[in-house]
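These are my notebook entries on the model shown below. I record what I looked up, entry by entry.

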Amino acid sequence: VSAVAVDREGLVYVFHRGKIADPVMVFDAKGKYVRSWGKGQVMNAHGIRIDPEGNVWTIDNGDHTIRQWTRTGELKRTLGTAGVSGETEKLFFRPTDIAFHPNGDFYITDGYGNARVVRFRKDGTFVQAWGKKGTKPGEFNTPHNIQIDKQGRLYVSDRENNRIQVFDAAGKLLKVWSHLGATQGISINGKGEMWIITHRNNIENLTYDTLAGRIMKVDVESGKILGSMESPGHW
């Protein structure tokens with residue numbers, strides 16, 4: 001399982017890399033199977049998100065596409081060209097995630113091959129892109145996740161640089177958090193609470209040295225760790 005998402009009806013959408021079952025599987029809150037779809041249409045499952053209108057978006061970093069589906073699995077549109085990588089307004093190179101701004105725009109992190117954030121209007125019109133491979137402020141090394149808070153600020157998990165970079169809607173860098181380790185996943189819920197999953201920890205000044213597997217509740221303004229669940233063992 002590479003990602004999960006929950007819609008406003010409480011259904012759980014699981015995006016996985018199994019070879020037999022459909023790559024998108026839907027369950028109710030108690031785990032009862034509801035439906036599934038997408039077999040033969042996904043090369044490598046990576047991210048899944050639900051937009052404000054209830055559409056399901058899947059990010060396939062194997063064939064460089066982002067797809068929008070109805071809740072029942074009808075394909076509505078595809079961004080990118082399956083099997084073709086690039087760094088243009090219409091092509092991606094192993095994208096990773098998508099987030100939706102209150103103004104209707106959406107943003108894609110792109111990703112493993114490229115190192116940028118790409119912004120689109122609600123209708124899919126390209127607006128801008130920013131970022132390149134590097135370690136300087138505003139640069140990325142595997143932008144792995146993206147989320148947007150109620151104020152419209154973008155939080156980008158710059159995983160291999162061991163930081164989260166925060167931008168405004170136009171891509172202006174606002175702040176950098178470098179105290180949380182290598183963030184694998186970011187989620188901001190309807191209450192405005194931020195939850196972060198760490199991929200591993202390379203930060204020496206933390207009081208714990210678990211190499212991987214922390215789920216943390218983080219203050220969305222300051223980045224302060226409010227709580228942490230840690231797993232035993234090592235990465």
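I located Gly 111 in the loop between β10 (106-110) and β11 (116-120); strands (E, at least two residues) and helices (H or I, at least four) are DSSP runs, numbered from the N terminus. I noted a cis peptide bond between Asp 110 and Gly 111, with omega about -20°. Most peptide bonds are trans, and most residues other than glycine have a negative phi. I then turned to Arg 94, a residue other than glycine whose phi is positive, near 60°. Arg 94 sits in the loop between β8 (75-79) and β9.

The model is predicted: local features need pLDDT of at least 70 and side-chain atom pairs count only at pLDDT 80 or more, while totals for chains, interfaces and linings use all residues. Residues are numbered from 1 along each chain as its sequence is written, and side-chain values use heavy atoms, leaving out hydrogens and water.

I counted 20 strands and zero helices in the protein. The radius of gyration (over C-alpha atoms) is 17 Å, close to the 18 Å of the globule rule (2.2 Å times the number of residues to the power 0.38) for 235 residues, so the protein is as compact as a globular protein of that length. Along the principal axes, the C-alpha atoms fill a box of roughly 50 × 40 × 30 Å.

I found Met 229 in strand β20 (residues 225-230).
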